[in-house]
Amino acid sequence: MGLISLLWGIVALCWMVLALIPIIGITNWLLIPFAAVGAAIAAIGILFTRSENRGRAKTGLILNGIVIVVAAIRLSMGGGLI
């Protein structure tokens, strides 16, 4: 679970960088649910793994959280459209 959430977070982060381009900013509407699924996978990974093996899941949760926050800020700056 930890590795899946980490890879999911990396993909979401790359997608977020592309979504920062003004014309492609509307893709943030798809990015936020994508990152939320990754955060849910990370939370499940944190819940069901031993404490010494939670590093990847925690990193995936942080990456997906950053993506959600930045995408929401980007949408609010563009009025939700651009």
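Colleague: What makes Ala-12, Met-16, Ala-19, Leu-31, Ala-35, Val-67 and Ala-71 a nonpolar core?

Modeller: A nonpolar core is a set of buried Ala, Val, Leu, Ile, Met, Phe, Trp, Tyr and Cys residues joined through side-chain atoms within 4.5 Å, and these seven residues make up the largest such core in the chain. Helix H1 (2-19), H2 and helix H3 (55-77) each give two or more residues to this core, with the largest share, three residues, coming from H1. This is a predicted model, in which local features need pLDDT of at least 70 and side-chain atom pairs count only at pLDDT 80 or more, while totals for chains, interfaces and linings use all residues. Residues are numbered from 1 along each chain as its sequence is written, and side-chain values use heavy atoms, with hydrogens and water left out.

Colleague: Why is Asn-28 called buried?

Modeller: Buried means under 20% relative accessible area, exposed over 50% and partly exposed in between, with a 1.4 Å probe and protein chains only; Asn-28 has a relative accessible area of 1%, and is therefore buried. Buried residues make up 34% of the 82 residues in the chain.

Colleague: Which residues does Asn-28 touch, not counting those up to four places away in sequence?

Modeller: Contact means heavy atoms within 4.5 Å, and, with that exclusion, Asn-28 touches Ala-19, Ala-71, Arg-74 and Leu-75.

Colleague: What pattern does the chain follow along the sequence?

Modeller: The pattern reads α-α-α, given three helices and zero strands, where helices (H or I, at least four residues) and strands (E, at least two) are DSSP runs numbered from the N terminus. Asn-28 lies in helix H2, residues 28-48.
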